[in-house]
Amino acid sequence: SCVHTENCFVPISEIIAVEETEFNKKQLNIGRWQKMAKLHAFTVYYVMKARNHRWRCSDATFWCVDEHLCNQWIQALKELLELQKSRPKQLLVYINPYGGKRQGKRIYEQKVAPLFNLASICTDVVITEHANHAKDNLFEVNIYKYDGVVCVGGDGMFSEVMHGLIGRMQKDSGIDQNNPKASLVQCNIRIGIIPAGSTDCICYSTVGISDPVTSALHIIVGDCQPLDVSSVHHNNTFLKYSVSLLGYGFYGDILKDSEKKRWMGPMRYDYSGFKTFLSHHYYEGTIAYQPAKHTHGSPRDKESCRAGCYICKQSEKQLAEQNKEHGLKHEEGEEEWKVIKGKFLAINAVNMSCACPRSPKGLSPAAHLADGSADLILVRKCSRFDFLRYLVRHTNQDDQFHFPFVDVYRVKCFQFTSKLSEDNESNVMDIGKKRFGQFCRDHPACCCNIVNSTWNCDGETLDSSAIEVRVHCQLMKLFARGIEENCKDEAAYSQSSIEQLL
């Protein structure tokens with residue numbers, strides 16, 4: 001079904017609302033209508049797709065002299081909208097008033113709330129007052145009366161809501177998050193992200209743009225994008241969940257240094273990045289990982305994850321069949337573990353491409369949002385010049401893994417222990433518990449400095465260097481549809497001419 005206006009086809013799934021319209025005859029320039037005594041009209045509000053994955057709310061007004069016919073149209077369209085069962089009716093909204101440029105509340109009130117009102121979505125709004133306010137609140141409220149939870153802020157705010165929602169689901173299901181081998185319960189309450197932070201990597205990687213109006217419209221039409229989540233443990237203690245980057249070495253050091261310079265604002269990342277690059281620290285240790293044999297793709301196949309991704313769907317089916325056939329016990333078999341010892345400048349595990357405006361391809365261009373795997377990228381000790389060549393590749397079209405000192409593996413779980421931890425735990429026999437990273441400088445005079453790096457978990461530091469990571473396939477869902485393929489002729493989406501085929 002679709003609404004047809006002049007040169008415009010819109011699927012019912014992308015209609016936002018239909019409203020009866022008070023019609024002002026002065027608005028008409030057509031002479032034959034001016035002779036009519038009474039006009040009846042209704043307005044259709046719909047999604048208009050613009051360039052670079054940007055969505056906008058547009059509208060078209062229809063009128064006629066027959067009141068009964070007008071009402072029939074309104075009723076028919078509203079009934080069709082009622083059949084869109086994936087659309088949310090009740091949302092819980094958390095707003096971080098301090099994140100980014102402190103614009104979260106203004107962005108929500110001016111750009112998002114009017115659209116939610118137009119779509120007849122009821123909202124309960126909570127303005128967060130301190131760190132973990134949203135997370136703690138999600139353990140107390142009746143979350144099951146909501147069709148989704150919306151966070152207004154940056155990646156930190158999303159992480160807080162995600163931890164609260166997943167944690168609440170496990171608690172209600174009696175699952176111990178501290179057990180690294182626990183089979184976690186899927187979280188079916190979707191999360192919506194209204195970007196209003198200094199970094200909006202997750203929004204950019206799942207929608208294709210960091211824009212509050214676009215994200216609000218994805219929520220309204222009820223889009224659903226499953227998302228893999230990695231659990232991070234240390235010594236049978238749960239630490240964090242991660243959906244984007246787990247970085248040790250280079251990215252961990254940048255975060256650790258930048259935390260001391262929050263007064264600098266977003267510029268602190270550039271400063272800390274340059275400083276970390278110059279210091280050129282490397283870390284010695286061991287990684288053990290289990291290859292993701294269920295996946296249909298590979299990190300270097302150039303198959304980007306897009307809306308309706310075939311690889312994600314096939315990998316999910318394959319993983320489900322493997323688990324049904326063998327169970328988790330088979331997965332833990334030691335024969336499947338691959339072990340790598342070495343000196344590393346950076347160790348990155350990503351659940352998604354980690355694309356952002358500065359790095360349009362991201363850390364792993366072919367990483368998938370929902371295939372039950374992570375891409376493990378190992379950058380071995382090399383010269384500063386070689387490391388710079390690797391970093392520059394993130395901003396251009398070259399294959400960033402095509403270096404002798406870079407290895408990439410698609411994994412379903414991995415463990416890491418620093419050289420320092422290994423020496424202290426030399427009596428531990430279990431594979432996967434003897435793993436990762438001594439911290440040294442290239443300069444010979446400083447090689448006696450044995451210090452561990454820090455893990456960067458989605459922009460937050462982890463104290464433990466030795467960790468155990470497991471990917472949970474499609475553990476949660478977002479109000480998104482993945483990045484849509486670009487139309488060959490983007491001019492087709494201009495205001496004057498839209499042709500969105502069903």
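I began with Arg168, which counts as buried because its relative accessibility is 10% (buried means under 20% relative accessible area, exposed over 50% and partly exposed in between, with a 1.4 Å probe and protein chains only). The model is a predicted one, in which local features need pLDDT of at least 70 and side-chain atom pairs count only at pLDDT 80 or more, while totals for chains, interfaces and linings use all residues. Residues are numbered from 1 along each chain as its sequence is written, and side-chain values use heavy atoms, with hydrogens and water left out.

I then placed Arg168 in helix H5 (residues 155-172), where helices are DSSP runs of H or I with at least four residues, numbered from the N terminus. Leaving aside neighbours within four places in sequence, I found Arg168 in contact with Leu138, Phe139, Glu140, Val141, Ile143 and Tyr144 (contact means heavy atoms within 4.5 Å). A polar atom of the Arg168 side chain lies 2.7 Å from the backbone oxygen of Val141.

Next I looked up helix H3 (residues 104-118) and helix H7 (residues 212-220), whose axes come within 10 Å and cross at roughly 30°. H3 is therefore roughly parallel to H7 (angles under 35 degrees count as such). On the H3 side I listed Ile107, Lys111, Val112, Leu115 and Phe116, which meet Pro212, Val213, Ala216, Leu217, Ile219 and Ile220 in H7. By class, this contact of H3 with H7 has ten nonpolar, no polar and one charged residues.

Last, I checked helix H8 (residues 250-259), which is mostly covered, with eight of its ten residues buried; among them are Phe250, Tyr251, Asp253 and Asp257.

Conventions:
Axes are lines fitted to C-alpha atoms, for helices over the stretch in contact, and angles run from 0 to 180 degrees between N-to-C directions. Helices (H or I, at least four residues) and strands (E, at least two) are DSSP runs, numbered from the N terminus. Angles under 35 degrees count as roughly parallel, over 145 as roughly antiparallel, 65 to 115 as roughly perpendicular and the rest as oblique. Ala, Val, Leu, Ile, Met, Phe, Trp, Tyr, Cys and Pro count as nonpolar, Asp, Glu, Lys and Arg as charged, and the others, Gly among them, as polar. A polar contact is a pair of N or O atoms within 3.5 Å; within protein, one must be able to donate a hydrogen and the other to accept it, and residues adjacent in sequence count only if both atoms are side-chain atoms.
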